[in-house]
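This report covers the ligand site and the sheets of one model. The structure comes first, followed by the description.

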Amino acid sequence: MSVALASILRVSSVEPDQSARGSAAAGDAASVCGVAAAGGVAPAGGDVLVSARGLTKTFGGFTAVDGIDVAVRRGEAFGFLGPNGAGKSSTMRMIAGVSPATSGELRVFGQDPASHGPAIRARLGNCPQADMLDEELTVQENLWIYGRYFGLTKAQTRERATELLEFAQLTDRRADKVEPLSGGMKRRLTIARSLINNPELLLLDEPTTGLDPQARHILWDRLFRLKRQGVTLIITTHYMDEAEQLCDRLVVMDRGRIAAEGSPRDLIARYSTREVVELRFDTDDHADHVDAVQGLVGASRVELLPDRLLVYTDDGDATSADLHARGVVPLSTLVRRSTLEDVFLHLTGRTLVD
Amino acid sequence: MSAAAGDGGRGGGGRGEGVDGVGGGIVKVGVAGRVARALPIPAGAGLARWVLARNLLAFRHGWVTLVSGFAEPVFYLFSLGVGIGALVHTVHTDGGSEVPYAVFVAPALLASSAMNGAIMDSTFNVFFKLRHAKLYDSMLATPIGPRDIAVGEIGWAVLRGALYSAAFLVVALLAGMVTSWWALLALPAAVLIGLAFAAIGMFATTYMTSWQHFDYITLAIQPMFLFSATFFPLSTYPEGIRWLVQATPLYHGVTLERGLMLGEVSSALAGHTAYLVVLGVIGALGAARRIERLLLT
Ligand SMILES: Nc1ncnc2c1ncn2[C@@H]1O[C@H](COP(=O)(O)OP(=O)(O)OP(=O)(O)O)[C@@H](O)[C@H]1O
Ligand SMILES: [Mg+2]
């Protein structure tokens, strides 16, 4: 209790809207240069908020997280990317202090969640993959009582709740019960609720799943603003565009291990080509057409997907011209830049043809 | 509203809790803080009051249950006390006195209603929150720990039970069924009965995985309600099964209440009290431990 209160009072004694905690400069710097600020940029620069070494989580005999090493610095937006069951949520839950690590070392704010759980949780915001709202209460009551769990005073909680209702665009639904809200509204409320204690570190497990495109873009904007205020973000997502937009640095997880780590641009440069030609054929099985597109000019790799072929190339136009010259006529041809989607495909071994 | 005894730490499991490292903030220790510290909140459950506050908030949307919780024992009192009392007239208590049947049965109904109220809250409601609403999962993402949850939920069940018991006592008093000043202690005793059953009920609920399992609760509660020297004195039971009656927790509750309301106070009451306290402590610790096992996976 005293722990929660201490850190909350300290945090909220600062102007709530700014919620700067001496690291805003680091956050700004980070969002401008894309990679977390190293020491020297700001007083708190290079301050490691989360560090894991050999972090492992097993359920019975099954290993969900298999000895990962991660370091997240203050002010950074860090992403976990990976297919279903990769171990993203298991990792997030350990960082959030709601799941004990099986082995390895984990430090959050320099403390061990196993022994300093309440102190750590008081300083972080946790938006889990499932909403888990209090459906017996109204929208605003959900925020009020959550603030109390953190030891905030009634006045602090009310003030913060009003801001967060705006943030989540739920002001006009504030007196409604939670249960009948739409899925997207519940998601927004969950995110808002995770911010009630002005956290220094915000954990977002698939924050935009279930949101419509407009709500997603609004949320991205809000997250950018939080980041500029110095809040450190850890995000998991299946949306590659989201990862590219939001994350300074990310790791690609697969079967409990880290397959690659770097900034989105780094990863694309390292694991993909500059451009991709997407080909759709009028066929039941795109595998039939793989041979016809091998060895095209500029191309280095062909990926087979159920509904299309992807040709990785340094020059998309040259590649499609060569295709044309061969007399291969797809239903549609699209030349685009490589994205994290391609990195993901390449790294998680979901490719059938290389 | 500042710190209570504990650190809001997760109880049980033998995990050491530390609070060092973040204690440097500004902590206001006002009058409320001192009052909070004086509250008998067990170590590691300093945030339990917010679990309780949450229930109060949710309860505002469903206060009708309050009426039913109060009405049931009062109906029993009049149907049994007055109805059967007209046939039975007086009863020889185990304490050796002879009293009208209604006076005999009123303390037992008080104890049973304290039990029923506590069991309802700590089994059905807790099960729903634990398995369906995922309420405790979201609480555990905050500084709140398993002990806060156990103490908060048990405290809530006790609080509700105390309301029913107080109302029941007033009715019994007005109906002339209270004969001793010791009855002033009947309310705290009812609170203790509620505590013991709420704690054990919550502990048991953490082992349940489907609604069918509630049949076991009914199976345990109903015979206890009927055969814990509730409706007739222990001396009327066959010698061979008296020990069985005396082993049930409700027997201790009934005997405690009867002793107080009839003014038949002896040192034996301390034994009944101790039995209920031990049950409450075991239940609360067990519930906290189980919640930690179940949810912090
Ligand atoms: N409580 C649990 N008990 C048993 N197995 C679990 C538990 N939680 C997770 N797992 C298993 O661990 C693996 C990793 O799960 P996790 O939820 O971390 O994946 P994820 O990367 O978040 O996947 P998704 O993208 O689907 O959310 C899965 O195979 C899952 O079945
Ligand atoms: Mg997940």
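Two strands pair if DSSP finds at least two bridges between them. Strands (E, at least two residues) and helices (H or I, at least four) are DSSP runs, numbered from the N terminus. The model is predicted: local features need pLDDT of at least 70, side-chain atom pairs count only at pLDDT 80 or more, and totals for chains, interfaces and linings use all residues. Residues are numbered from 1 along each chain as its sequence is written, chains are lettered from A and ligands numbered from 1 in the order in which they are written, and side-chain values use heavy atoms, with hydrogens and water left out.

In chain A, three strands form an open antiparallel sheet in the order 2-1-4. Strand 2 and strand 4 (103–108) of chain A are its edges, each pairing on one side only. The twist from one strand to the next averages 15 degrees; angles run from 0 to 180 degrees between N-to-C directions, and axes are lines fitted to C-alpha atoms, for helices over the stretch in contact. Five bridges link strand 1 (residues 48–59) and strand 4 of chain A, and A:Thr56 has A:Ser103 in strand 4 of chain A as its bridge partner. Helix 3 of chain A lies across strand 1, strand 2 and strand 4 of chain A, at about 125 degrees to strand 1 of chain A.

Helix 3 (88–95) and strand 2 (62–73) of chain A each supply at least two residues of the shell around ligand 1. Helix 3 of chain A gives the most, three residues. A residue is near the ligand if one of its heavy atoms lies within 4 Å of it. There are 14 residues around ligand 1, and among those that come nearest are A:Gly85 and A:Ser89. The polar contacts below are pairs of N or O atoms within 3.5 Å.

| Residue (polar side-chain atom) | Distance to an oxygen atom of ligand 1 |
|---|---|
| A:Asn84 | 2.8 Å |
| A:Lys88 | 2.7 Å |
| A:His238 | 3.0 Å |

Taken alone, ligand 1 exposes 630 Å², of which the protein buries 64%; accessible areas come from the Shrake-Rupley method with a 1.4 Å probe.

Chain A also has an open sheet of six strands in the order 5-6-7-3-8-9, with mixed pairing. Strand 5 (124–127) and strand 9 (257–262) of chain A stand at the edges with a single partner strand each, so one side of each has no neighbour in the sheet. Strand 5 of chain A runs parallel to strand 6 (residues 201–205) of chain A, joined by four bridges.

Methods: Polar contact = N/O pair within 3.5 Å; in protein donor to acceptor, adjacent residues only side chain to side chain. Contact = heavy atoms within 4.5 Å.
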